[in-house]
Amino acid sequence: MEKILNYVNGAWQEPRSGMYLDNYDPSIGSVYSLIPDSDANDVSEAVTAALDAFPDWSAMPVERRSAVLQRIADLIDRDIDLLARAESIDNGKPLSLARSLDIPRASANLRFFATGALHFSSEAHTTGTDAVNYTLRTPLGVAGCISPWNLPLYLFTWKVAPALAAGCTVVAKPSELSPMTAYIFSKLCIEAGLPRGVLNIVHGIGPKAGQAIVEHPEVIAISFTGGTVTGKKIATTAAPMFKKLSLELGGKNPNIIFADCDLERALDISLQSSFSNQGEICLCGSRILVEKSLYNQFVEAFVAGTKKLKVGDPLEEGTDIGALISENHLNKVSGYIDLARQEGGQILTGGKRVIVKGRCAHGYFLEPTVIVGLDSECRTNQEEIFGPVVTIMPFDTEMDAVHFSNSTSYGLSASLWTENLKRAHRVSAQIKSGIIWVNCWLFRDLRTPFGGMKQSGLGREGGWEALKFFTDVKNVCVRL
Ligand code: TXE
């Protein structure tokens, strides 16, 4: 059985303990590879390697740093089929999605930050004729990057690329539930000539390997994407050490449909925003709010569209919905469907586990599920489910739509559908979310600030924000 290895100081190595964890293919429900069960010793070696590599990497002309990162991006593009297949098997997502979204975005992340770093500049403030102040930004040292399982290589590179481009060295940990593409990435780093120790990848579980990264005193900054509960734990450890923190956490995103929308488009994109990647994207719209006069028509068409989605073998052409990431997660999501029933919800379609015929008979598949009849305060409408489950609720007025949207402890993203330009601006300004999509969803420009409000996180990634995050800032005041 294939063994994934840690990537430390430019070479692969076994975990020092010799212990491995099982890695499941969720579409068949069985173990297909092994993951290092790394601990604080492995992390400590990785941090030492990153510290040793830091002086040369941070002092390297930015053009050379950029060139290495762009070479890695080229290799990702070259190996797109291999990576997409690996990610589909590792994660359960449709191969077509991995090929069209996840892997292209991974190379785009590298190119974006590699070229962005070439144009990075800082400010100067002249104080009349008395002084010149300039802002000096320098790479901050060793950064810790911890990423989740839902968009494995996409989010791994979203963190690692700006850190490396900014001149930091990195100790990274991908999720133990989908580590394969980060392992393949380490092979591409070696092939591209990334100097040893610049990036170190330590595999293992969060409370052991992840926690050791967060606790290590030489890791100056932590960039984390994952669940809100884990985010709190990381903040509790890192805050008293005054580490720089970027936390991208969960969401319970509203998808607001006004009666004056372009209905066909709203329906089409809402099916995507509800069920893409099995609903396992923090930006998925899990609460659909529909203006009352359109409610019945929308619900009927949305349910009809949902019923047409094909749940099946992720490797097969034409599959819309693959397997959930794990049996635990399948049980968690199914538990929320039971909860919705107890809370008085009516399941209009879905709600049951799917047994896919053939090689995927033991995989973790769930029907896309549409629930109505719940109020905005119930747990189903308050807690992140992170699966192919949406609720639909009617609203009377624009004010109600804003109120329902803002009624959870999350504030990551929102979509709104209207042809009324003034309303689009008005509502966007009132919704407490870090990202608002008007008449679209998941349309991303990597220059824009990305992140959540309230319990959806802390800090902004993307564009200059990400490059700035990985630098120390000082003001130098020169008296003239
Ligand atoms: O993610 P975790 P889990 C949500 C979703 C899901 C829930 C839990 O609702 O059901 O979170 O998912 C590492 N110190 N999202 O448990 O635990 C872990 O190893 C340091 C939203 O799978 O947050 C992994 O690499 N690291 C989400 C990463 O943190 C720790 C994406 C994320 O795992 C750690 C995924 C610790 N103490 C889940 N504990 C999004 N916002 O996109 C865990 N980790």
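**Note on the predicted model**

1. Among the chain's contacts with a separation of 6 or more, 74% join residues 24 or more positions apart. Keep in mind that this is a predicted model.

2. Make-up and overall form. The chain contains 14 helices and 25 strands. Its radius of gyration is 23 Å, close to the 23 Å that the globule rule gives for 480 residues, so the chain is as compact as a globular protein of that length. Along the principal axes, the C-alpha atoms fill a box of roughly 65 × 65 × 40 Å.

3. Burial and surface. Of the chain's 480 residues, 59% count as buried. The accessible surface is about 18900 Å². Carbon and sulfur atoms supply 55% of that surface.

4. Charge. There are 46 positive and 52 negative side chains. The centres of the two sets lie 3 Å apart.

5. Helix 13, the buried side. This helix covers residues 421-430. Its buried residues are Arg423, Ala424, Val427 and Ser428. Viewed down the helix axis, the buried residues fall within an arc of 125 degrees, so they line one face of helix 13.

6. Helix 13, the cover. Which elements cover those buried residues? Three of the strands among them are strand 13 (253-257), strand 14 (285-291) and strand 21 (413-417). Strand 22 (435-438) and helix 12 (398-405) also belong to the cover.

7. Helix 13, the other side. Here Leu421, Lys422, His425 and Ala429 are exposed.

8. Phenylalanine 242. The residue is not a glycine, yet its phi is positive, at about 55 degrees. Phenylalanine 242 sits in the loop between helix 8 (228-238) and strand 12 (244-248). Is its side buried or exposed? The relative accessibility of phenylalanine 242 is 76%, and the cut-off for exposed is over 50%, so the residue counts as exposed.

9. Asparagine 277. Here too a residue other than glycine has a positive phi, near 55 degrees. Asparagine 277 lies in the loop between helix 9 (263-275) and strand 14. Its relative accessible area is 1%. Buried means under 20%, so asparagine 277 is buried.

How values were computed:
Residues are numbered from 1 along each chain as its sequence is written. This is a predicted model: local features need pLDDT of at least 70, side-chain atom pairs count only at pLDDT 80 or more; totals for chains, interfaces and linings use all residues. Side-chain values use heavy atoms; hydrogens and water are left out. Helices (H or I, at least four residues) and strands (E, at least two) are DSSP runs, numbered from the N terminus. The radius of gyration is taken over C-alpha atoms; the globule rule is 2.2 Å times the number of residues to the power 0.38. Buried means under 20% relative accessible area, exposed over 50%, partly exposed in between (1.4 Å probe, protein chains only). Contact means heavy atoms within 4.5 Å. Accessible areas come from the Shrake-Rupley method with a 1.4 Å probe; for residues, only the protein chains shown count as cover. Lys and Arg count as positive and Asp and Glu as negative; His and the chain ends are not counted. The place of a charge is taken as NZ of Lys, CZ of Arg, CG of Asp or CD of Glu. The arc is that of the directions from the helix axis to the C-beta atoms.
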